[in-house]
Amino acid sequence: MRRATAWTLAAALACAPVAAFAAAPAPAPAAQAPSERYESFLIKSKILGETRRINVYTPPGYAARGRDRHPVLYMPDGGLQEDFPHVAETVDRAIADGAIAPMFVVGIENTQRKRDMTGPTDVAQERALAPRLGGSAQFRAFIRDELMPQVRRRLRSDGRTGIVGESLAGLFVAETFLREPRLFDVYIAISPSLWWNRDALLEQAPQLLRADAAALHGRILRLYSADEDNIAPQAQRLADLLRAQAPAALTWNYQPRPDLTHGTIYRAVENEAIRAAFARPPRE
């Protein structure tokens, strides 16, 4: 992997008093800032017909020749100029606090965001948003068949996976949860754009939930919405449907946050969402 150099921070060393005549201990190694643990690699995708940049956060103490294995949190909007840095820093703080076990963050940098995050649409106004739309199934295939095998080869994953996304990326998270629930263990959908194609995914949701209810066993879904008149009602509809239809073995939670806006909700809830979804079991 090629190590990214952006946002490198200097770490400070603390000095402790030493007893008289005792040899001074060697200074402790400086702790790495999260940005110093960002790496990136390129993947040539046959499915998407393009090269994609993948950014990776590795947890503290992770070494290339070690034996430790960790979960992987995937994220669309995963560029260094996108949402990857603040999500990686949130994970890093949660690990340092002991709230979650060490884990990786794998960010997928965008090329054609609206193409990758959306399903097909018949709405003229939506079709005018970008030259290419409706590629979510292909993007999911890229993650499943090309990216995940690469990650398993490059990182010592323990097999547990999650995905987090907001807005159109939240729509992709919700769509993946409903259409291919076995792909991830944890789903975090923040202000998902469920209005897409006149709420088409919501209309199909009852049938999708019935089609493979067994696949939802052991899965975790965390759903959030802000003060958004075109998102909060749809998120509530999905929550109502889950309340009525989801199997008991699915762990899910919906949190409406009318105190937040579409522009503030990601950073406001990501800490709680990640800590809750990946919480360390209490020690006996």
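**Helix geometry and packing in the predicted model**

The buried residues of helix 8 comprise Ile265, Tyr266, Val269, Glu270, Ala273, Ile274 and Ala277. The structure described here is a predicted model. In this model, the buried positions of helix 8 pack against strand 4 (70-75), helix 1, strand 6 (157-166), strand 7 (186-190) and strand 8 (220-225). The end C-alpha atoms of helix 8 lie 17 Å apart, in agreement with the 18 Å that its 13 residues should span at 1.5 Å a residue.

Packed helix pairs are described by the angle between the two axes and by the distance between them. For helix 1 (residues 84-96) and helix 8 (residues 265-277), the axes come within 10 Å and cross at roughly 40°. The two helices are therefore oblique to each other, and their crossing is right-handed. On the helix 1 side, the contact is made by His86, Val87, Thr90, Val91, Arg93 and Ala94; helix 8 contributes Tyr266, Arg267, Glu270, Asn271, Ile274 and Arg275.

A second pair is formed by helix 5 and helix 6 (residues 196-211), which pack at an angle of about 25° with their axes 9 Å apart. This angle makes helix 5 roughly parallel to helix 6. The crossing of helix 5 and helix 6 is left-handed. Leu171, Ala174, Glu175, Phe177, Leu178 and Arg179 of helix 5 meet Trp196, Leu201, Gln204, Ala205, Leu208 and Leu209 of helix 6.

Helix 5 (residues 168-179) also holds valine 173. With a relative accessibility of 0%, valine 173 counts as buried, since the cut-off is 20%. Beyond residues up to four places away in sequence, valine 173 touches Ile163, Val164, Gly165, Tyr187, Ile188 and Ala189. The C-alpha atoms of valine 173 and leucine 221 are 9.7 Å apart, although 48 residues separate the two in sequence.

Helix 4 (residues 136-154) has 19 residues, and the distance from its first C-alpha to its last is 25 Å, close to the 27 Å expected at 1.5 Å a residue. A bend of about 40° occurs in helix 4 at leucine 147, and proline 149 follows within four residues. Both Leu147 and Pro149 are buried. The other buried positions of helix 4 include Ser136, Phe139, Arg140, Ala141, Phe142, Ile143 and Glu146, as well as Met148, Gln150 and Val151.

Key
Residues numbered from 1 in each chain as written. Predicted model: local features only at pLDDT ≥ 70, side-chain atom pairs only at ≥ 80, totals over all residues. Heavy atoms only, no water. Expected span 1.5 Å × (residues − 1). Bend = angle between axes of the 7 residues up to and from the residue. Buried < 20%, exposed > 50% of the residue type's maximum accessible area, 1.4 Å probe, protein only. Axes fitted to C-alpha atoms, helices over the stretch in contact; angles between N-to-C directions. Parallel < 35°, antiparallel > 145°, perpendicular 65-115°, else oblique. Left-handed = near helix turned anticlockwise from the far one by under 90°. Contact = heavy atoms within 4.5 Å.
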